[in-house]
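Good morning, and thank you for making time for this item. I would ask you to keep the structure in view while I speak.

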Amino acid sequence: MDRIAKLASQRAVVIFSKSTCCMCHAIKRLFYEQGVSPMIHELDEDSRGNEMEYALIKLGCSPTVPAVFIGGKFVGSADVVMTLQLNGSLKQMLTDAGALWL
């Protein structure tokens, strides 16, 4: 858990992902297209990926990936992020976290 919290606070936007997950790819692309450069942690390419995935489960991440943190706080998975994007509140969250300058 401590490792997840530490990693999640290293950048304005942090995404825990798996390189083979199509929803992870879509969420990363959403951020890139808005000009955000998130820190990406590919769990399937990390030697401690299983440990981090277990910690994400304990945090309540279901499914475990993509797990998006903005400003060091857990936002949610793909469905939550897409909802925030569609209702217009994602941009404000990104601006408040210092990930976007508009």
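I shall take the sheet, then the helices, and then the loops.

This is a predicted model, in which local features need pLDDT of at least 70 and side-chain atom pairs count only at pLDDT 80 or more, while totals for chains, interfaces and linings use all residues. Residues are numbered from 1 along each chain as its sequence is written, and side-chain values use heavy atoms, with hydrogens and water left out. Helices (H or I, at least four residues) and strands (E, at least two) are DSSP runs, numbered from the N terminus.

Let me begin with the sheet. In what order do the 4 strands lie? The order is S2-S1-S3-S4, in an open sheet with mixed pairing. Two strands are said to pair if DSSP finds at least two bridges between them. S2 (39-42) and S4 (73-76) each have a single partner strand and stand at the edges, so one side of each is left without a neighbour in the sheet. On average, neighbouring strands are turned by 25° against each other, direction ignored.

S1 (residues 13-17) pairs with S2 in the parallel sense over 4 bridges, and there Ile-15 has Ile-40 as its bridge partner. S1 and S3 run antiparallel, joined by 4 bridges, with Ile-15 opposite Val-68 in S3. S3 and S4 are also antiparallel, with 3 bridges, and Val-68 stands opposite Gly-76 in S4.

Within S3, Ala-67 and Phe-69 point one way, Val-68 and Ile-70 point the other way, and all are buried. Buried here means under 20% relative accessible area, exposed means over 50%, and partly exposed is in between, with a 1.4 Å probe and protein chains only. S3 and S4 form a hairpin with 2 residues between them, and Gly-71 in the turn has a positive phi of about 60°. Most residues other than glycine have a negative phi, and most peptide bonds are trans.

I turn to the helices. The axes of H2 (residues 22-33) and H4 (residues 78-87) come within 10 Å and cross at roughly 30°. Axes are lines fitted to C-alpha atoms, for helices over the stretch in contact, and angles run from 0 to 180 degrees between N-to-C directions. H2 and H4 are therefore roughly parallel to each other; angles under 35 degrees count as roughly parallel, over 145 as roughly antiparallel, 65 to 115 as roughly perpendicular and the rest as oblique.

Which residues meet between these two helices? Met-23, Ile-27, Leu-30 and Phe-31 in H2 meet Ala-78, Val-81, Met-82 and Gln-85 in H4, where contact means heavy atoms within 4.5 Å.

Leaving aside residues up to four places away in sequence, Lys-28 touches Ile-15, Ser-17, Ile-40 and Glu-42.

Finally, the loops. Pro-63 is found in the loop between H3 (49-59) and S3, and Pro-66 lies in the loop between H3 and S3.

Gly-88 lies in the loop between H4 and H5 and is partly exposed, with a relative accessible area of 45%. Gly-88 and Glu-51 are 37 residues apart in sequence and 34 Å apart in space, C-alpha to C-alpha.
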